[in-house]
Amino acid sequence: MSGSGPEAAPPRDLPWGPAEDGLDRPYWDGLVSGELRLQRCGQCGVWIWGPQWICGACHTFDPGWQAVEPVGTVYSWARSHYPFITELADRIPYVTVLVELPAAGHRRVLGILTGDDAEAVRIGERVVGHIELDEGATWPLLRWRRETIEGARS
């Protein structure tokens with residue numbers, strides 16, 4: 001200990017964050033900055049997800065990263081009653097959604113659906129992404145909330 005108070009606990013080594021090869025690092029850096037970032041080919045304009053070293057459409061190397069509006073529709077979902085990672089043990093059951101993003105060429109990304117009414121999820125329902133940093137975590141996660149006509153639910 002130093003100074004007048006206890007030292008802050010070091011961040012936990014959670015099972016999410018950038019891959020060792022660094023390919024998805026801009027995605028994670030985007031979340032830290034409050035943005036959802038996906039790859040987009042600068043040559044042909046196709047959106048790419050998951051991260052790739054090369055565009056699958058035109059074979060250009062080193063696609064760029066662009067911020068995307070985190071609004072989409074539920075393409076698929078699953079309710080988990082088993083904590084596949086220990087960090088989710090206090091959240092079971094939880095709902096994982098596959099969200100299709102119109103602003104990103106209809107690419108689909110995964111995330112956990114949050115909110116009091118997460119149990120009533122439906123395919124085709126509009127959702128809004130938000131970024132959360134769990135206590136003690138180094139890297140934030142993209143989470144989803146159901147949307148109403150008036151706007152996103154809290």
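Author: Quick ground rule: buried means under 20% relative accessible area, exposed means over 50%, and partly exposed is in between (1.4 Å probe, protein chains only). This is a predicted model, where local features need pLDDT of at least 70, side-chain atom pairs count only at pLDDT 80 or more, and totals for chains, interfaces and linings use all residues. Residues are numbered from 1 along each chain as its sequence is written, and side-chain values use heavy atoms, with hydrogens and water left out.

Reader: What makes tyrosine 27 and tryptophan 28 an edge-to-face pair?

Author: A search of the whole structure turns up three aromatic pairs. For tyrosine 27 and tryptophan 28, the ring centres are 5.1 Å apart and the planes sit at 85 degrees, so edge-to-face it is. The rule: rings of Phe, Tyr and Trp (its six-membered ring) pair if their centres lie within 6.5 Å; planes under 30 degrees apart are stacked, over 60 edge-to-face, the rest tilted.

Reader: And why does tyrosine 27 count as buried?

Author: Its relative accessibility is 10%, and the buried class is under 20%, so tyrosine 27 counts as buried. Tryptophan 28, at 9%, counts as buried too.

Reader: What makes the pair of tyrosine 27 and tryptophan 49 tilted?

Author: These rings are 5.1 Å centre to centre, with 45 degrees between the planes. Tyr27, Trp28, Trp49 and Trp139 form one aromatic cluster.
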